[in-house]
Amino acid sequence: QVQLVESGGGLVQAGGSLRLSCAASGRHFSNYVMGWFRQAPGKGREFVSAINGKGDSTDYADSMKGLFTISIDNAKNTVYLQMNSLKPEDTAVYYCAEGALMGRHCYNYWGQGTQVTVSS
């Protein structure tokens with residue numbers, strides 16, 4: 001069974017940066033798609049970014065372009081989300097997910113999430 005474990009969340013001041021990690025086990029994700037989603041208090045789950053297993057195709061929500069960067073380390077079977085210029089509205093639980101198709105839907109496995117809190 002695929003297991004995803006997020007890490008790297010925490011408390012950061014507005015304007016700061018964090019790098020989230022998602023370590024996958026159970027199978028190598030080279031043939032799959034990895035995505036990041038987030039859920040802010042009182043809001044639904046929101047797509048952030050996705051990358052294919054080869055690392056040669058990426059997708060970002062419009063609001064994330066130029067600020068967040070997704071990447072993959074295949075040797076470590078880990079996907080990262082580099083978040084820069086963080087704002088209080090970026091406060092959310094961030095989830096890692098794995099799916100079979102590139103895009104914003106059809107993700108089959110989810111991690112437990114990691115809390116990101118951005119203070120004013």
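Good morning. I begin with cysteine 106, which counts as exposed because its relative accessibility is 52%, and the cut-off for exposed is over 50%. Please keep in mind that this is a predicted model.

How many disulfides does a search of the whole structure find? The search finds one. That disulfide joins cysteine 22 to cysteine 96, with 2.0 Å from S to S. The angle about the S-S bond is -80°, and the link is left-handed. Distant parts of the chain are linked here: cysteine 22 sits in strand β3, residues 18–25, and cysteine 96 in strand β9, residues 92–99, with the two cysteines 74 residues apart.

Are these two partners buried or exposed? Cysteine 22 counts as buried because its relative accessibility is 0%. Cysteine 96 is likewise buried, with a relative accessible area of 0%.

Let us now turn to the strands. Strands of a sheet pair through backbone hydrogen bonds, and the pairing may be parallel or antiparallel.

Strand β3, which holds cysteine 22, belongs to an open sheet of four strands in the order β1-β3-β8-β7, with antiparallel pairing. Its edge strands are β1, residues 3–7, and β7, residues 68–73, each of which pairs on one side only. From one strand to the next, the twist averages 15°. At one end of this order, β7 is joined by six bridges to β8, residues 78–83, and the two run antiparallel. Within that pairing, isoleucine 70 has leucine 81 in β8 as its bridge partner.

Strand β9, which holds cysteine 96, pairs with β11 in the antiparallel sense over three bridges. Here tyrosine 94 has threonine 114 in β11 as its bridge partner. Strand β11 also pairs with β2, residues 10–13, this time in the parallel sense and over four bridges. In that case, glycine 10 stands opposite valine 116 of β11.

Along β11, residues 114–119, Thr114, Val116 and Val118 point to one face and are buried.

Thank you for your attention.

Technical notes
Residues numbered from 1 in each chain as written. Predicted model: local features only at pLDDT ≥ 70, side-chain atom pairs only at ≥ 80, totals over all residues. Heavy atoms only, no water. Pairing = 2+ DSSP bridges. Axes fitted to C-alpha atoms, helices over the stretch in contact; angles between N-to-C directions. Disulfide = S-S within 2.5 Å. Buried < 20%, exposed > 50% of the residue type's maximum accessible area, 1.4 Å probe, protein only.
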